[in-house]
Amino acid sequence: MSGFAFQSAGSLEEALAVLARTEGETRIVAGGTNVVPAIRDGRQPPALLLDISRLDGLRGLREEKGKLWIGALTTLAELAASPLLAERAPALYQAANSFADPNTRGRATVAGNITNASPGADMAPPLLVLEAEVFLTGPAGHRSLPLREYLTGPFRAALTRDEIVTHLTISPQVHSAFIKIGLRRAMAISVATVAVALEKATDGAVTACRIAFGALGPTALRAPQAESVFLGRQPDSALFAAAAAAIAGDIQPRDGLRGTREYRLSAAGAILERAFSLAYYKEA
Amino acid sequence: MILRLLLNGKPVTTTIRPEQTLLSVLRENLGYTGAKEGCGVGECGACTVILGQRAVKSCTVLAAQCEGASVRTVEGLAQDDRLHPLQQAFIDHNAVQCGFCTGGFLLTAVALLERDPHPSRREIQEAISGNLCRCTGYVQIIDAIAACAAGEGSGEGQ
Ligand SMILES: Cc1cc2nc3c(=O)[nH]c(=O)nc-3n(C[C@H](O)[C@H](O)[C@H](O)COP(=O)(O)OP(=O)(O)OC[C@H]3O[C@@H](n4cnc5c(N)ncnc54)[C@H](O)[C@@H]3O)c2cc1C
Ligand code: FES
Ligand code: FES
């Protein structure tokens, strides 16, 4: 394409038809907080900018058959203000509240965050531990896949050029929490993040445990070795030390502008202990 | 392409390029230079305007997506020669030095007080966390917003 073009989709069908017709020449725009800076920096070559922000059917947050349904266009501000999320899925609620600043949250969407697929995308760790399923619609119809299969690499997501994310579902978990380390409290790209979701028996033993880290590998990552440390046990300082040691097998932190590999590894152990404790002691 | 906005309550029409930001349309097409370009990538808040009911960083908003929307800029705050109560509070509390950031802070604060007329100091801090000031410092700015919220003149806008 020689220059940019713009079209605002009035319906999902129209958006899908545009994608099918224009193949690789289209860039979907939701909140635009990733796409617009990319245009400015020349990282987004000329394309048809397909505005999907008017597709109100892709908005909202509600309980459905024991899961939470989250529309693709639901903004971070909506997540950050949701009493339902605060009560049923604290990890996602806390992540939304530590994202950028309130004005950016008003534009940024949840599907945009995971589709942009930054290694430090703040929605990814909480969505991974809440077993998020990503629902896509394309010319071949509907399909869904777990978020861990959707995030295929740095800035790579498993959607084809003619597909649109319509919504996500998550399994709510009261015993869940999220912690982010940035260089300052607001407006900070993550140095390291962790989300934890767990279940426990009446005697306090951990019966299920999911842990995911962000900004510590090519994508947000589940941490199976650290998870297995907690299973069947009650947390104490020895167990946290064992989990911190196990993390080295789960994540691949890199030296970078915002922290060295060593710093990130030890920070990951520290925030795991804090997030785990928050999730574990949360009143159900 | 054609873009229509309700700008500070008045309908305006302009011809834009599809990839233009709302900030660039306000400044370059419409001559509303109250919104400043500090960073151009969403980090500083100097470009903040109110889109619909919410404060946004206009440098990260695609103008074409705003078709038909209401936009308020700092130029629309004063009524005739009467300053908006928040503008007066910024002056009274010495919350302005070079002024480059001020328009952005004002619009973030106007949107905050419309949503929540009596925010706590903590809520004010949270609301302005995406607006940077390099010279005044934040204490006077927070004082100004808090004083405006405490006084009879809340940020009712227009
Ligand atoms: C100042 C600033 C601060 C930021 N802070 C943070 C932060 O703290 N944490 C963080 O994780 N991110 C942060 N970001 C990044 C960004 O805001 C988020 O990734 C945001 O969630 C993207 O959503 P969007 O709707 O704005 O995306 P857009 O820019 O509209 O789109 C992003 C990508 O997703 C695609 N896409 C969007 N919606 C769909 C859909 N429904 N179906 C298929 N494809 C789709 C687009 O084509 C594009 O490739 C920040 C960005 C800025 C500018
Ligand atoms: S110019 Fe828009 S946030 Fe800095
Ligand atoms: S008054 Fe100069 S940047 Fe705030």
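Modeller: Of the 32 residues around ligand 1, those that come nearest are A:Ile28, A:Ala30, A:Thr33, A:Asn34 and A:Thr109, where a residue is near a molecule or strand if one of its heavy atoms lies within 4 Å of it. Before going further, please keep in mind that this is a predicted model, in which local features need pLDDT of at least 70 and side-chain atom pairs count only at pLDDT 80 or more, while totals for chains, interfaces and linings use all residues. Residues are numbered from 1 along each chain as its sequence is written, chains are lettered from A and ligands numbered from 1 in the order in which they are written, and side-chain values use heavy atoms, with hydrogens and water left out.

Ligand 1 lies between chains A and B. Several polar contacts (pairs of N or O atoms within 3.5 Å; within protein, one must be able to donate a hydrogen and the other to accept it, and residues adjacent in sequence count only if both atoms are side-chain atoms) can be described here. A backbone N or O atom of A:Ala30 is 2.8 Å from an oxygen atom of ligand 1, and for A:Gly32 a backbone N or O atom also lies 2.8 Å from an oxygen atom of the ligand. A:Thr33 contributes through its side chain, with a polar atom 2.5 Å from an oxygen atom of ligand 1. On its own, ligand 1 has 990 Å² of accessible area, and the protein covers 92% of it; such areas come from the Shrake-Rupley method with a 1.4 Å probe, and for residues only the protein chains shown count as cover.

The elements giving two or more residues to this shell are β2 (26–29), α7 (110–116) and β10 (164–170) of chain A, and α7(A) gives the most, with five residues. Helices (H or I, at least four residues) and strands (E, at least two) are DSSP runs, numbered from the N terminus. By type, the shell holds 17 nonpolar, 12 polar and three charged residues, where Ala, Val, Leu, Ile, Met, Phe, Trp, Tyr, Cys and Pro count as nonpolar, Asp, Glu, Lys and Arg as charged, and the others, Gly among them, as polar.

β2(A) runs parallel to strand β3 (residues 48–51) of chain A and is joined to it by four bridges, with A:Thr26 standing opposite A:Leu48 in β3(A).

Another open sheet of chain A has four strands in the order β11-β12-β13-β14, with antiparallel pairing. Its edges are β11 (176–181) and β14 (221–222) of chain A, each with a single partner strand, so one side of each is left without a neighbour in the sheet.

Terms used. Pairing = 2+ DSSP bridges.
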